[in-house]
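Have a look around it first, then read on.

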Amino acid sequence: MATEFLEEIHKLNVTDPAEMMDLAIEWVRKSFPDVESVSTETLQSWLEEKPEELLIFDIRKADEFEVSHLPGAIRIDPESNNIQEILQEHLQKEHEKQKHVVCYCTVGYRASLTAQSLNEFLSSERGQKLKPFLKIYNVIGGLAKWARERKGMVDKQERSTHLVHPYDADWAKLLEPELQAQI
């Protein structure tokens, strides 16, 4: 799917990062119509006003996470097959408290796959007891949009950073050069 999207961008000769971001957001939305999304503005507000109601999952590889991530995010490998267990593990202590589970990645595709998987789990017999307390989201535009808006991120030492690991050279085109970490 991602290859087809990138080929389409190339055919359209889109080079403006903002225009590419808009197209990527629409591609993710169309690819995952049943996954609820949250705007970067809303997530920023939640982080400031009610962080105790959040469980933030960064769905990227370790080298991407080390460059930058949202404060308090829990990294989950995109290839992980035990996302349900990870979710249950992080909810053990607070079983009956309302939580927003926010998934993000570079632009939203891997996060939406995870959000879709979590929603399927919550609809299963095993996940039914958690369903009333959880709402699953994908961040619109992912970390690339977050960085473009100059919102706060931290690196592996929890120091403030503005850089994003762009996944690869094709996805780096969504970011202005000053936001791209060397890969």
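## The sheet

Five strands line up in parallel as an open sheet, in the order β1-β5-β4-β2-β3. Strands here are DSSP runs of E with at least two residues, helices are runs of H or I with at least four residues, and both are numbered from the N terminus. Two strands count as paired if DSSP finds at least two bridges between them. At the edges sit β1 (37-38) and β3 (74-75), each pairing on one side only.

Take β1: 2 bridges join it to β5 (residues 134-139), and the two run parallel. Serine 37 has asparagine 138 in β5 as its bridge partner. Helix α6 (residues 109-123) lies across β2 (54-58), β4 (99-104) and β5, running at about 165° to β5. That angle is taken between N-to-C directions, from 0 to 180 degrees, with axes fitted as lines to C-alpha atoms, for helices over the stretch in contact.

## Where this comes from

This is a predicted model: local features need pLDDT of at least 70 and side-chain atom pairs pLDDT 80 or more, while totals for chains, interfaces and linings use all residues. Residues are numbered from 1 along each chain as its sequence is written, and side-chain values use heavy atoms, leaving out hydrogens and water.

In α1 (residues 2-12), Phe5, Leu6 and Ile9 are buried (under 20% relative accessible area; exposed is over 50%, partly exposed in between, with a 1.4 Å probe and protein chains only). They share one side of α1 because they cover an arc of only 95° around the axis, going by the directions from the helix axis to the C-beta atoms. The face turned away carries exposed Thr3, Glu4, His10 and Lys11.

Among the things covering α1's buried residues are α2 (17-31) and α8 (169-172). Just after α1, asparagine 13 takes a positive phi of about 60°.

## Inside the core

The largest nonpolar core has 56 residues, and those touching the most other members include Leu70 and Phe57. Such a core is a set of buried Ala, Val, Leu, Ile, Met, Phe, Trp, Tyr and Cys residues joined through side-chain atoms within 4.5 Å.

Who does leucine 70 touch, leaving aside its neighbours within four places in sequence? Leu43, Ile56, Tyr104, Leu143, Trp146 and Gly152, where contact means heavy atoms within 4.5 Å.

## A loop residue

Glutamine 157 lies in the loop between β6 (153-154) and β7 (160-161). Glutamine 157 counts as partly exposed because its relative accessibility is 43%.
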